[in-house]
Amino acid sequence: MPKVAASSLRKGAVVDMDGKLYVVLSAENIHPGKGTPVTQLNMRRISDGVKVSERYRTTESVEKAFVDERDHTFLYQDADGFHFMNPENYDQLTASEEVIGDAAAYLQENMTVQLSTHNDVPIALSLPRLATFEIVDTEPSVKGQTASSSYKPAVLSNGLRTMVPPYIAPGTRVVILTEDGSYVERAKD
C-alpha cells in the first residue's frame with residue numbers, strides 16, 4: 001500500500017490503520033505558535049462505523065488504501081439504503097445511510113455522483129459541486145427592499161433551508177452549492 005503524508009489527506013480519503021479501513025470525515029492542519037505542526041484527522045471505521053480521532057505530525061505518513069472511485073448514477077432510496085448504478089456496466093450498488101451521511105438531502109434521481117468503493121463495498125460519496133432545486137416556500141418580497149446583501153429565508157424542494165435574494169419567488173428553480181447549501185444563482189433551464 002502506498003504511504004502518503006498525513007498533512008495531504010482530505011475529506012473522503014481512505015486510510016489503512018492496523019489492517020482496518022477508515023474514511024476521513026474531516027482533516028485539519030494545526031500550526032501552533034510554538035512546536036510541531038500537526039494534522040487532526042476525524043475518521044470513521046468502515047467495518048462498524050466507529051468514529052475515531054487521530055493526530056499526526058505533518059511529517060508522519062499513513063498508508064492510503066486502494067479505493068476505486070467511479071461515477072455512478074443515483075437511482076432511488078428504500079429501506080435497504082441508497083441504490084446507485086455504474087453507467088459503464090450497469091452494476092448496481094447499495095450504500096448505507098452512514099456512508100451517505102448529510103449528502104442524502106442533495107441526492108436527486110439520475111444525479112451523477114462519484115462513489116468510492118473498496119472490494120465493491122461503497123465507502124464514500126462525492127456530490128457534484130452544484131445542484132438545482134425548486135423553491136417551495138419563501139416570504140413575499142417587500143417593496144422598496146434593496147438587493148444589496150438583503151437575503152430572505154427559503155425552503156427548497158429537498159426540505160433544506162437556504163437564504164435567497166428578495167426577487168426569488170416560490171416555484172423558481174435555483175442552483176445550490178452542495179458543500180454548504182448556499183444559493184448561487186437562478187437556474188438557466
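Predicted model: local features only at pLDDT ≥ 70, side-chain atom pairs only at ≥ 80, totals over all residues.
**Salt bridges and overall build**

The structure holds five salt bridges, so let's visit a few others. Arg45 and Asp48 pair up through their side chains, at 2.9 Å from N to O. Here Arg45 is buried, with a relative accessible area of 17%, while Asp48 is partly exposed at 46%. Next comes Asp68, which bridges to Arg70 with their closest N and O atoms 2.7 Å apart. Asp68 has a relative accessible area of 25% and is partly exposed; Arg70, at 33%, is also partly exposed.

Now zoom out to the protein chain. You'll find one helix and 16 strands. The C-alpha trace spans about 60 × 50 × 25 Å along its principal axes. The radius of gyration is 20 Å, whereas a compact globule of 189 residues would come in near 16 Å. Of the 189 residues, 38% count as buried. Among contacts with a separation of 6 or more, 42% come from residues 24 or more positions apart.

As for the surface, the chain exposes about 11,300 Å², with carbon and sulfur atoms supplying 47% of it. Back to charges: there are 19 positive and 26 negative ones, and their mean positions sit 9 Å apart.

Technical notes:
Residues numbered from 1 in each chain as written. Heavy atoms only, no water. Helix = DSSP H or I, 4+ residues; strand = E, 2+ residues; numbered from the N terminus. Rg over C-alpha atoms; globule rule 2.2 N^0.38 Å. Buried < 20%, exposed > 50% of the residue type's maximum accessible area, 1.4 Å probe, protein only. Contact = heavy atoms within 4.5 Å. Areas by Shrake-Rupley, 256 points an atom, 1.4 Å probe, with all protein chains shown as cover. Lys, Arg positive; Asp, Glu negative; His and termini not counted. Charge placed at Lys NZ, Arg CZ, Asp CG, Glu CD. Salt bridge = Lys/Arg side-chain N within 4 Å of Asp/Glu carboxyl O.
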